[in-house]
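Got a fold on the screen and some questions about what sits where? Let's walk through it together.

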Amino acid sequence: MKKIVISLMLIVATLFSHDFGNVPEKKLSQIKKDRPLMVMVGKTKCIWCDSMAPQIKEIKEKYPKTVIYYVNIDKDFLGAINYNIDELPVQLFYDKSGKEVNRHIGYLGKDDILDALSKYGILVE
């Protein structure tokens, strides 16, 4: 019975997950920060995360060499705690040495995301 409930929960979570296209979903601890990158942190059933998903997907399709990851805190709750994330969505920007150079809390539109990616040397055209 327990296995059935867990399986149903995973199926429901998959149905409500956001479509970030070819943006890899990872846990925060799995992300290798050895180059400039952006991490979008969200969760299932987050209206702002849902609004940003198609924009991030579009950016990744247009600039496939730009490194962007998605972290779903429903699947990485401890990562959110370890990175002091208590509001969503959050966008984390890292430089090539792995240092967090900016943290934005809340919704970012496509143009603002592109500006930040460019400003922090993450955008690869």
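Q: In E4, which residue is the bridge partner of phenylalanine 93?
A: This is a predicted model, where local features need pLDDT of at least 70, side-chain atom pairs count only at pLDDT 80 or more, and totals for chains, interfaces and linings use all residues. Residues are numbered from 1 along each chain as its sequence is written, and side-chain values use heavy atoms, with hydrogens and water left out. Five bridges join E3 to the antiparallel strand E4 (residues 100-105); strands are DSSP runs of E with at least two residues, helices are runs of H or I with at least four, and both are numbered from the N terminus. Within E4, phenylalanine 93 has as its bridge partner asparagine 102.

Q: And which residue in E3 is the bridge partner of methionine 38?
A: E1 and E3 pair in the antiparallel sense over five bridges, and strands pair if DSSP finds at least two bridges between them. On the E3 side, methionine 38 is bridged to phenylalanine 93.

Q: Which side chain makes a polar contact with the side chain of glutamine 91?
A: Glutamine 91 sits in strand E3 (residues 90-94), and it counts as buried because its relative accessible area is 0%. A polar contact is a pair of N or O atoms within 3.5 Å; within protein, one must be able to donate a hydrogen and the other to accept it, and residues adjacent in sequence count only if both atoms are side-chain atoms. The glutamine 91 side chain also reaches the backbone oxygen of glycine 106 at 3.0 Å. The side-chain partner, at 2.7 Å, is histidine 104.

Q: Which residue forms an aromatic pair with phenylalanine 93?
A: The structure holds two aromatic pairs; rings of Phe, Tyr and Trp (its six-membered ring) pair if their centres lie within 6.5 Å, with planes under 30 degrees apart counting as stacked, over 60 as edge-to-face and the rest as tilted. One is tryptophan 48 with tyrosine 107, tilted at 5.6 Å centre to centre and 55 degrees between the planes; tryptophan 48 is in helix H2 and tyrosine 107 in the loop between E4 and H4, 59 residues apart. At 35% relative accessibility, tyrosine 107 is partly exposed. Phenylalanine 93 is in a tilted pair too, 5.5 Å centre to centre with 35 degrees between the planes, and its partner is tyrosine 120.

Q: Why do the buried residues of H4 line one face of the helix?
A: The buried residues of H4 (residues 110-119) are Ile113, Leu114, Ala116 and Leu117. On the other side, Asp111, Asp115 and Lys119 are exposed. Seen down the axis of H4, the buried ones line one face because they fall within an arc (taken from the directions from the helix axis to the C-beta atoms) of 165 degrees.

Q: What percentage of the protein chain's residues count as buried?
A: The chain has four helices and four strands, in the order α-β-α-β-α-β-β-α. Of its 125 residues, the buried share is 40%.

Methods: Buried < 20%, exposed > 50% of the residue type's maximum accessible area, 1.4 Å probe, protein only.
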